[in-house]
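Here's a quick tour for anyone opening this structure for the first time. Take a look at the model, then read on for the inside story.

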Amino acid sequence: MGPVNGTLVTEAGDVSWLRSDIALAAAARRQAAQLARGICLPEERVARVELCVTEMATNLLKYAHDGSLALRVVRARGNAALECLSLDNGPGIDDVERALRDGASASGTLGIGMGAIGRLADVFGVHSLRGRGTVVCARFWADGQVPAAGPVEAGGLTRPISGEQVCGDTWAVRTVDTAGSAGLLLMMCDGLGHGPLAARVADRAREAFRDSRNTSPTAVLEDLHRGLRGTRGAAAAIAFVDFAGRHVQLSGAGNITALVGTGDTRTGLLSLPGIVGVQLPRPRAFEAAFPPGAALVMHSDGLSDRWKPADFPGLFTQDPAVAAAQLLNQAAVRRDDAGIVVALHRQP
């Protein structure tokens with residue numbers, strides 16, 4: 001594959017993480033309204049956003065052992081949306097379908113329920129693991145129009161180490177469309193360390209990924225290596241998802257976990273030892289099949305790599321943001337920055 005002008009699909013941005021406490025609802029309303037107005041949502045839709053995050057916060061405080069809200073602006077193919085994610089660590093929802101019916105509640109809450117949140121939002125998703133935790137996602141597009149989905153959809157999430165406001169982990173996705181080859185390029189990058197210096201590496205990595213005109217994972221990884229010279233360096237991996245060939249190629253250096261998962265299997269894709277921007281061995285590409293129903297998952301070592309697809313029933317049928325959030329919710333067990341990007345091959 002030669003040089004091409006790819007189109008940026010989506011990438012990591014700033015995420016406001018709000019921990020569950022008595023002031024959560026008020027803080028979430030303020031932050032969500034500010035972000036919503038920043039992408040020019042009309043006031044009527046800002047009010048819907050505020051209602052949505054208030055219910056999310058109320059549910060966390062009433063039902064969850066512990067949890068947090070993640071609020072962010074996401075961009076896809078030139079469009080912007082406000083995304084509200086609720087993540088908790090249990091007890092989970094026994095019957096999600098029942099919980100989505102209006103009026104279903106175990107105690108007196110705000111009263112609109114998850115079903116109404118689903119109608120308020122342009123995109124809604126929920127995934128729950130009994131005894132382990134629930135993720136709820138509500139997305140509000142600036143123009144109210146949900147972008148058309150392709151055969152493979154991608155999304156990700158980052159969370160900084162406790163005590164830091166910025167994250168050294170980052171991700172990005174762009175299209176590839178050349179003669180005889182169409183697909184997605186994905187980057188997962190973990191700037192060494194954490195805090196502002198690691199976040200600066202992450203910013204440089206996204207810039208180098210956007211500017212690269214190459215499409216093969218090995219060539220893009222070399223572009224990242226050149227773009228990160230003079231920094232503390234990073235672990236990084238580049239994957240190409242081939243739509244027609246239904247396979248994945250990956251080239252990486254450093255401790256990035258990458259795998260293709262199906263309902264009950266996982267196929268690992270290797271990264272070589274090295275530090276992108278400091279010492280990069282000659283890149284190599286590794287391949288795996290990527291059939292419909294499969295998920296490509298790439299994450300930093302801020303997440304444990306011991307999870308199994310079979311432990312997450314139904315997750316890979318969800319929106320990629322829900323899948324990424326639930327994996328981070330369950331597997332981010334280390335005291336470190338955490339970052340993950342997920343590509344899902346939809347069933348025809």
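**The cavity**

Glu11, Ala12, Gly13, Asp14, Val15, Arg72, Val73, Val74, Leu157, Thr158 and Trp171 line the largest cavity. (On a 1 Å grid over the protein atoms alone, a cavity is a set of points where a 1.4 Å probe fits but cannot get out, and lining residues have an atom within 4 Å of a point.) Keep in mind that this is a predicted model: local features need pLDDT of at least 70, side-chain atom pairs count only at pLDDT 80 or more, and totals for chains, interfaces and linings use all residues. Residues are numbered from 1 along each chain as its sequence is written, and side-chain values use heavy atoms, with hydrogens and water left out.

- Two strands, β3 (67–76) and β7 (152–159), are the elements that give two or more residues to that lining; strands (E, at least two residues) and helices (H or I, at least four) are DSSP runs numbered from the N terminus.
- β3 gives the most, with 3 residues.
- By type, the lining splits into 6 nonpolar, 2 polar and 3 charged residues. Here Ala, Val, Leu, Ile, Met, Phe, Trp, Tyr, Cys and Pro count as nonpolar, Asp, Glu, Lys and Arg as charged, and the others, Gly among them, as polar.
- Searching the whole structure turns up 1 cavity of 30 Å³ or more.
- The largest cavity holds about 60 Å³ of space, a volume being the space filled by probe spheres set on the grid points, which are joined across faces, edges and corners.

- Leaving aside residues up to four places away in sequence, Met56 touches Leu69, Cys84, Ser86, Ile117, Val136, Cys137 and Ala138; contact means heavy atoms within 4.5 Å.

**The cysteines**

- There are 0 disulfides (pairs of cysteine sulfur atoms within 2.5 Å) in the structure.
- Cys137 is in no disulfide, and its nearest cysteine sulfur, that of Cys84, is 8.1 Å away.
- Cys137 is buried (under 20% relative accessible area; exposed is over 50% and partly exposed in between, with a 1.4 Å probe and protein chains only), at 0%.

**Leu51**

- Leu51 sits in helix α2 (residues 43–63) and is partly exposed, at 33% relative accessible area.

Technical notes. On a 1 Å grid over the protein atoms alone, a cavity is a set of points where a 1.4 Å probe fits but cannot get out, and a pocket is an open set with protein on both sides within 12 Å along at least five of seven lines; lining residues have an atom within 4 Å of a point.
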